[in-house]
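Reader: Hi! Could you walk me through this one while I have it open on my screen?
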Amino acid sequence: MEQPQEQQHRERHHPVQAVVGLIRKNRPEELDGEVSELIVKKRRFRLIVVFGVVMSIVAFLISISISAGGIVPVTDAIGAMISAIGKGGENLNTVELYIYQSRLPRAIAAIGVGAGLAIAGCMYQAIIRNPLVDPYITGVSSGAGCFAVAVVALGVSIPFIGSNTLYIIPVAAIVGGLIAFAITMGVAEGSGGSASNYILAGVIVGFALSSVQTVFLSMAKDNLSNAMWWLYGSFANITWENAWIVMIPALGISLLAMIWAREFNLFMMGEEQAKQLGMNVKRFKRTMMVIASVLTAICVAFCGIIGFVGLIIPHACRMALGTDHRLIMPASIVLGACLMMFSDLIARTVLSPLELPVGAITAMIGTPIFAYMLVKRGREYDA
């Protein structure tokens with residue numbers, strides 16, 4: 001009899017324990033189930049992050065060791081990379097030149113683009129509440145492609161940039177992507193601003209700009225290969241001049257987006273419930289759509305349109321981790337970077353010295369994985 005008396009005494013003097021004890025008495029199975037499920041998801045999250053980080057390191061080391069220029073042992077490649085960085089990129093030998101000028105910038109850009117597209121897809125899927133949404137749903141890819149092909153076909157020059165293709169195509173792509181997004185936002189908001197309105201508006205704008213893009217492609221006979229190479233996605237033109245321009249904004253915005261992880265969780269509960277809890281739903285939705293679209297435009301600017309990363313990565317993370325964006329978003333960053341680095345590695349080595357489009361590789365990798373996840377876990381998926 002003494003032990004229950006002592007427990008009652010502790011509960012009377014500790015309100016939190018008393019509440020927890022009361023809840024456990026009323027619904028012990030539900031509470032234990034929720035706690036165990038949370039523990040499982042956190043354990044799964046740690047495994048995913050560790051796996052993603054380890055595989056990203058492996059992909060990075062292989063990327064600086066293998067390319068069309070030849071194969072270098074990993075230890076020698078690491079030593080050459082450190083030596084080249086120490087020299088500031090000056091007076092490099094052949095191995096250091098290959099690694100520093102070609103392989104290292106590509107790996108850095110792939111990290112930023114992979115993380116950026118994954119987070120953009122995660123944000124779009126949460127805002128529109130549809131697991132089949134990807135970063136290009138608002139017509140950003142169509143607008144970017146249309147403007148990029150236009151400057152190639154017409155030989156357009158931009159003030160302060162001229163006709164330098166290293167920057168003119170990326171600038172045109174960013175401008176085109178943001179214009180397409182603005183049109184999509186206007187149409188969607190004008191028709192009610194619901195999730196389906198955004199999807200339909202994005203489809204309409206995408207079709208319209210894709211048709212214009214086809215017209216410009218027919219005009220770009222002399223530069224058709226350059227235009228098509230950009231449309232299918234490639235890191236071939238990444239150099240130190242633009243690697244950091246891709247990496248820093250893409251990774252920075254991706255990390256910044258995680259600040260709103262709790263708000264995404266609240267938004268996923270339903271707009272009406274979010275409003276009742278004090279959220280300005282309309283402002284939040286618009287802000288996140290703008291951030292996600294800017295992030296997408298930056299990612300496609302220098303490397304072209306790379307699909308499937310923003311669809312499969314956040315979708316897979318939701319299937320494994322549930323709907324808590326505090327877990328989904330960091331996991332998406334790690335896995336997105338990992339997938340992109342491996343895809344770029346395969347693209348430039350599988351048929352070396354011929355280089356394949358990265359977008360085709362991501363689709364070839366992602367499609368069977370996505371189909372397997374749907375078959376094995378589709379009924380358990382709770383979006």
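Reader: Which residues does F235 touch, not counting those up to four places away in sequence?
Author: F235 touches R106, A109, A110, V113, C303, I306, M340, D344 and V358, where contact means heavy atoms within 4.5 Å. A word on the source: this is a predicted model, where local features need pLDDT of at least 70, side-chain atom pairs count only at pLDDT 80 or more, and totals for chains, interfaces and linings use all residues. Residues are numbered from 1 along each chain as its sequence is written, and side-chain values use heavy atoms, with hydrogens and water left out.
Reader: Thanks! How many residues are in the largest nonpolar core, and which have the most contacts inside it?
Author: That core has 111 residues, and V113, M123, F235, I306 and M340 have the most contacts inside it. A nonpolar core here is a set of buried Ala, Val, Leu, Ile, Met, Phe, Trp, Tyr and Cys residues joined through side-chain atoms within 4.5 Å. Buried means under 20% relative accessible area, exposed over 50%, and partly exposed in between (1.4 Å probe, protein chains only).
Reader: And where does the largest share of this core come from?
Author: From helix α5 (residues 94-128), which gives 19 residues. Helices are DSSP runs of H or I with at least four residues, and strands are runs of E with at least two, numbered from the N terminus.
Reader: Is C122 buried or exposed?
Author: C122 is at 1% relative accessibility, so it counts as buried.
Reader: Nice. How many aromatic pairs does a search of the whole structure find?
Author: Four. Rings of Phe, Tyr and Trp (its six-membered ring) pair if their centres lie within 6.5 Å; planes under 30 degrees apart are stacked, over 60 edge-to-face, and the rest tilted. F264 and F284 are edge-to-face, because their ring centres are 5.2 Å apart and their planes are at 70°.
Reader: Which helices do F264 and F284 lie in?
Author: F264 lies in α11 (residues 261-268) and F284 in α13 (residues 281-303), so the pair ties together parts that are 20 residues apart in sequence. Both F264 and F284 are buried.
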